[in-house]
Amino acid sequence: MGFTIGGIRGTKEPRSGDRSGTRGTAGETGDSGSRWARDTDRGTRQAAKEDRDRNPGQPREYKEPRAAVRRRRAAASECGTAVAEYTGLWGWAVVPGARAQDGRCSCGVPDCAAPGAHPLDFAPEVPAGATLDEATRAWGHFPGAAVMLPVGRAFDVIEVAETAGRRALVRLERMGVPLGPVTATPEGRTHFLVAPGAAAELPQLLYRMGWDDAALDLGALGPGAYITAPPSDRGGLGPVRWLRAPDPDSATHPPHARLLLGTLAYVAHRSPG
């Protein structure tokens with residue numbers, strides 16, 4: 001069966017145990033095979049129970065709850081779809097990133113400086129332009145990885161506190177200023193995606209606008225930096241969210257920083273923290 005995501009065409013494999021002529025174990029049809037599998041599982045569980053009764057001192061093997069398994073698989077599927085969208089539709093490269101739980105980073109470094117908020121060193125990049133099948137296949141090697149985007153290629157990032165970012169976004173939309181994608185992170189930061197080169201130009205732009213000597217909670221991210229993209233969790237704190245989702249124009253042609261910077265600086269100055 002074929003399917004399309006925003007012009008990217010892929011294929012969907014038939015589900016195991018499909019009833020359209022698929023045979024189950026021991027020569028049974030799909031329905032009988034399912035019953036056979038359930039009976040087998042029931043027998044296995046009964047045997048395991050009897051073994052535990054005979055050997056009460058042995059520790060039981062931990063089994064992940066089904067609800068947790070379903071949530072993890074759903075999140076992995078959602079991330080895989082997002083990766084295909086970012087590479088195939090928006091022309092962004094994607095890098096598998098670490099995840100964090102209880103303050104521990106999945107990279108395995110005990111004293112990791114940025115738990116769950118950095119790329120995995122051993123994971124290859126999924127290049128811009130990768131198809132749905134290519135992106136899904138590549139991401140399948142790193143299930144559960146966070147979706148991270150390299151900065152400084154298709155875009156740079158202007159970063160402000162979330163409160164200021166939300167207020168500035170409303171002002172900019174009312175003024176009809178061209179905008180690129182905007183995200184909010186669980187740390188309380190807002191990322192405005194702008195044209196590459198903004199990080200290098202920021203000091204000069206602030207100087208020209210008269211904001212160079214103001215105490216502003218405003219900065220820029222450029223080449224060498226990475227941001228966590230929706231719907232991934234960042235640092236074990238929660239998911240990153242779109243405040244303004246990408247579209248074909250804003251993703252491939254983000255606005256120049258100078259169009260946004262005056263409003264962002266003004267609101268950041270009026271809304272510290």
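Predicted model: local features only at pLDDT ≥ 70, side-chain atom pairs only at ≥ 80, totals over all residues.

Me: Which residues are buried in H7?
Reply: Ala257, Leu260, Leu261, Thr263, Leu264, Ala265, Val267 and Ala268. Helices (H or I, at least four residues) and strands (E, at least two) are DSSP runs, numbered from the N terminus.

Me: What covers the buried residues of H7?
Reply: The cover includes S7, helix H4 (162-175), S9, H5 and S10. Contact here means heavy atoms within 4.5 Å.

Me: What should the 14 residues of H7 span?
Reply: Helix H7 (residues 257-270) should span 20 Å at 1.5 Å a residue. The expected span is 1.5 Å times one less than the number of residues. The end C-alpha atoms of H7 are 20 Å apart, which agrees.

Me: Now the sheet. What's the order of its strands?
Reply: S10-S7-S9-S8-S12, five strands in an open sheet, with antiparallel pairing. Two strands pair if DSSP finds at least two bridges between them. In general, strands of a sheet pair through backbone hydrogen bonds, either parallel or antiparallel.

Me: Which are the edge strands?
Reply: Strand S10 (218-221) and S12, as each pairs on one side only.

Me: How many bridges join S8 to S9?
Reply: Three, between strand S8 (residues 182-184) and strand S9 (residues 189-194). One partner pair is alanine 184 with threonine 190 in S9.

Me: And where does H5 lie?
Reply: Helix H5 (residues 198-209) lies across S7, S9 and S10. H5 runs at about 150° to S10. Axes are lines fitted to C-alpha atoms, for helices over the stretch in contact, and angles run from 0 to 180 degrees between N-to-C directions.

Me: Switching topic. How many aromatic pairs are there?
Reply: Four. Rings of Phe, Tyr and Trp (its six-membered ring) pair if their centres lie within 6.5 Å; planes under 30 degrees apart count as stacked, over 60 as edge-to-face and the rest as tilted. One of the pairs is tyrosine 86 with tryptophan 242, edge-to-face, at 6.4 Å centre to centre and 80° between the planes.

Me: Where do tyrosine 86 and tryptophan 242 lie?
Reply: Tyrosine 86 is in helix H2 (residues 66-88) and tryptophan 242 is in strand S12 (residues 241-244), so the pair ties together parts 156 residues apart in sequence. Tyrosine 86 is buried at 2% relative accessibility. Tryptophan 242 is partly exposed at 26%.

Me: What about tryptophan 92 and phenylalanine 155?
Reply: They form an edge-to-face pair too, 5.4 Å centre to centre with 70° between the planes. Tryptophan 92 is buried at 2% relative accessibility, and phenylalanine 155 is buried at 2%. Ring pairs link Tyr86, Trp92, Phe155 and Trp242 into a cluster.

Me: Is cysteine 112 buried or exposed?
Reply: Buried, at 17% relative accessibility. The sulfur of cysteine 112 is 3.8 Å from the closest cysteine sulfur, in cysteine 105, too far for a bond.

Key
Residues numbered from 1 in each chain as written. Heavy atoms only, no water. Disulfide = S-S within 2.5 Å. Buried < 20%, exposed > 50% of the residue type's maximum accessible area, 1.4 Å probe, protein only.
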